[in-house]
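Here is a short tour for anyone who likes to think in contacts and axes. Have the viewer open and follow along.

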Amino acid sequence: MNDTPKIDKLYALSSEKKKFSFRLPLSNRIRIGKRNYVVQLKGDEKYGTYILWKNRRYPVEIVRSRQNKYEILFNDISYTFTVETPFSLQRMKVLSSGKGKAEKELIKAPMPGKIIDVPAREGSTILRGETVVILEAMKMQNEILSPVNGKIVRVNAKAGTNVMKDDVLAEIKVE
Amino acid sequence: MKIAKILIANRGEIAIRIMKTAKMMGIRTVAIRTAVEPAAMYLSFADEVFDNSEDESEIPVFLNVEKLIAIALKSGANAVHPGYGFLAESAYFAQKCLDNNIIYIGPSPDAIYKMGNKTIARRLALKSGIPMAMGSEGNISDEEEAVRIADKIGYPVIIKAASGGGGRGMRIVRKAEEMERMFTIASKEAEKAFNDPSVFIEKYIENPKHIEFQILGDSKGNIIHLGERECSIQRKHQKLLEEAPSCALDAGLRKKMGEMAVRIAKAVDYSSAGTVEFLLDSERNFYFMEMNTRIQVEHPVTEVITGIDLVEQQIRIANGETLKLKQEDIKLRGWAIECRINAEDVQAGFAPSPGKIEKISMPSDNYVRVDTGIQEGSAIVSSYDSMIAKLIVSGKDRKEAIRNCKMALDKVWIKGTKTTLPFFRLLVRNQKFIDGSFTTAFIEKDLDKYYFYSDYEEMLAAWLATRLFVDENLQETNTSRDAANSSEMSPWLLNKRITQF
């Protein structure tokens, strides 16, 4: 049973909320105006890792990568992006368009895997340390616990489905 | 006694700079190996290396007068070059060298002392008729006296440490109510930094340009100037970019300021290379600020436009030779710009960004000179300054120099730490920098960000983040599904198969 939806696009959101969208499968041709330009990630002894673009080398470094968040050093400037699928982006929008003021805690999948059980019920209260979902990954069952006391306002996780790392499983309104 | 062997009481690029000239002159050099940088690049330029790497003292050997003298004597060096920073402006060190029959390549201890003490320097300048910002006669004892003087000369005023330099112990006061607090801060800062709490006050010149003159004087009383450098691009009094000449000066003003610079140098019988710093206001009034009694970081821009090797001149003068250059021999040709490429994070307010240099390659075009003490594998350590390299670019005029600088900046390749490169990439495209109307307030007032930004570069970085996301998620999904049916292939895996990376 796999209902992973078809993903045809990815979005890289900058820390200033700029959105860059890339069609899947990810191509190394980027269209600027009417022309396609080839972007290549390369590395060698002399230059280390670099991106080749329009006949120019740009030094790049992956400073940090955590879940879907990447800090990239590109030509001596650091950029931070979170990479979202159309679905996680939609969820983000829904979540952020909500009541806004109340502090929310997003319960995210710490690793890709399969949802085994979802003890959390929408509308019920939950205490810190109680189980939100049980996620199976690498043949181990992992209890994903609530880090806060609050009310469960949304449950996205469904037993038997597969999730990606960082997918939002549930949302808790902190009380 | 002629100089036969020089102990380099310094490290990094300036040590190399000095050793290159010494080699050309047939003079042997001794460099010091330290525990902090046992494999530093400068060591390979020396004829002899004195191993001091056993010394694990907190204080760098380059600040240890007694040790340096002992090393000079032990290694048979009959001269010492202090470079810049460390003991380069210590009258005590210069005197100790002389006491031990070692030639100090620099001015006399007396000149160092007088110019190092700002109140003495101020008095000397006043006596010689050098234009100065109005201010206190000497040091001031308390904030009440400071307020009295400030009322007389008008606000804003600047409080400065008598033994100061490098921006420490300086505070601007805009109204009387601020005086008490600022006086205390400046005085405490001065005591901490220079072991001397005494301060004086001066009229604060708003938004000036920083113009300095290169001086050469010999022991026979001949003193000339080699034109000016403009160092207005500075942040918190730390220079970032220097150029020679300055677009704010014409021949007439250059002659006038140059004569004043020579006059102040004469007041202390200056013999060696030195620098007289002035502030130039928008009405082209100039004011003596201070004299630096050493070779400066930014000396290469003067060398480029005059064709004179300043270190060679220092060595010849220290040898007792008469200056062969006359004022009329000095011709300024073309334009030179120096960018200080430091290991600093321009996105975090120029915070030091120490680390190991993994890759470094610098442009080798004929309009570029690079002074560096850093090579692949070198570490930028927090015990020393953050300089990686000085990129010195020339052109037939300022416009061409800026254009060349823009190209050269894109050819610099440094990996391992963040650098000030993005700042310079922004600067060479800035209208105010290009038209020359910038002042020392430029960075604080005229820039809203400190680094070059391009939409394309951000887009490419976003592409890279996406690329990584695709790869990582593919791998992990794959692992977690080892046991799963292969027909459950995720779109990630399909992507991977299609896009060869």
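## Nonpolar cores

A nonpolar core here means a set of buried Ala, Val, Leu, Ile, Met, Phe, Trp, Tyr and Cys residues joined through C-beta atoms within 7 Å. Please keep in mind that this is a predicted model. With that in hand, the largest nonpolar core has 98 residues. Those with the most contacts inside this core are Ile6(B), Ile8(B), Val80(B), Ile215(B) and Phe278(B).

Leaving aside residues up to four places away in sequence, Ile8(B) touches Ala15(B), Ile18(B), Met19(B), Thr29(B), Val30(B), Ala31(B), Ala46(B) and His81(B). Another core, of 66 residues, lies apart from the largest one. Its members include Phe74(A), Leu241(B), Ala336(B) and Tyr367(B).

## Where the chains meet

The contact between the two chains involves 44 residues of chain A and 35 residues of chain B. On the chain A side, at least two residues each come from β1 (9–14), β2 (19–23), β4 (35–44), β5 (48–53), β6 (56–66), β7 (69–74) and β8 (77–84). Which strand gives the most to this side of chain A? That is β6(A), with six residues.

By class, the residues of chain A that touch chain B are 30 nonpolar, 10 polar and four charged.

## Chain A as a whole

Chain A has one helix and 16 strands. Its C-alpha trace spans about 60 × 40 × 30 Å along the principal axes. Of the 175 residues in chain A, 30% are buried. Taking contacts in chain A between residues at least 6 apart in sequence, 46% join residues at least 24 apart.

Strand β10 (residues 113–117) of chain A pairs with two strands described here. With β15 (residues 162–163) of chain A, the pairing is antiparallel over two bridges, and Gly113(A) has Val163(A) as its bridge partner. With β12 (residues 131–137) of chain A, β10(A) is again antiparallel, over three bridges, and Ile115(A) is bridged to Leu135(A).

## A helix pair in chain B

Now turn to helix α3 (residues 91–99) and helix α4 (residues 109–116) of chain B, whose axes come within 8 Å and cross at roughly 175°. Angles over 145 degrees count as roughly antiparallel, so α3(B) is roughly antiparallel to α4(B).

From α3(B), the contact is made by Ala91(B), Ala94(B), Gln95(B) and Leu98(B); from α4(B), by Pro109(B), Ile112(B), Tyr113(B) and Gly116(B). The contact of α3(B) with α4(B) has six nonpolar, two polar and no charged residues.

Definitions and conventions
Residues numbered from 1 in each chain as written. Chains lettered and ligands numbered in written order. Predicted model: local features only at pLDDT ≥ 70, side-chain atom pairs only at ≥ 80, totals over all residues. Buried ≥ 20, exposed ≤ 12 C-beta atoms within 10 Å, placed from the backbone. Contact = placed C-beta atoms within 7 Å. Helix = DSSP H or I, 4+ residues; strand = E, 2+ residues; numbered from the N terminus. Nonpolar A, V, L, I, M, F, W, Y, C, P; charged D, E, K, R; others polar. Pairing = 2+ DSSP bridges. Axes fitted to C-alpha atoms, helices over the stretch in contact; angles between N-to-C directions. Parallel < 35°, antiparallel > 145°, perpendicular 65-115°, else oblique.
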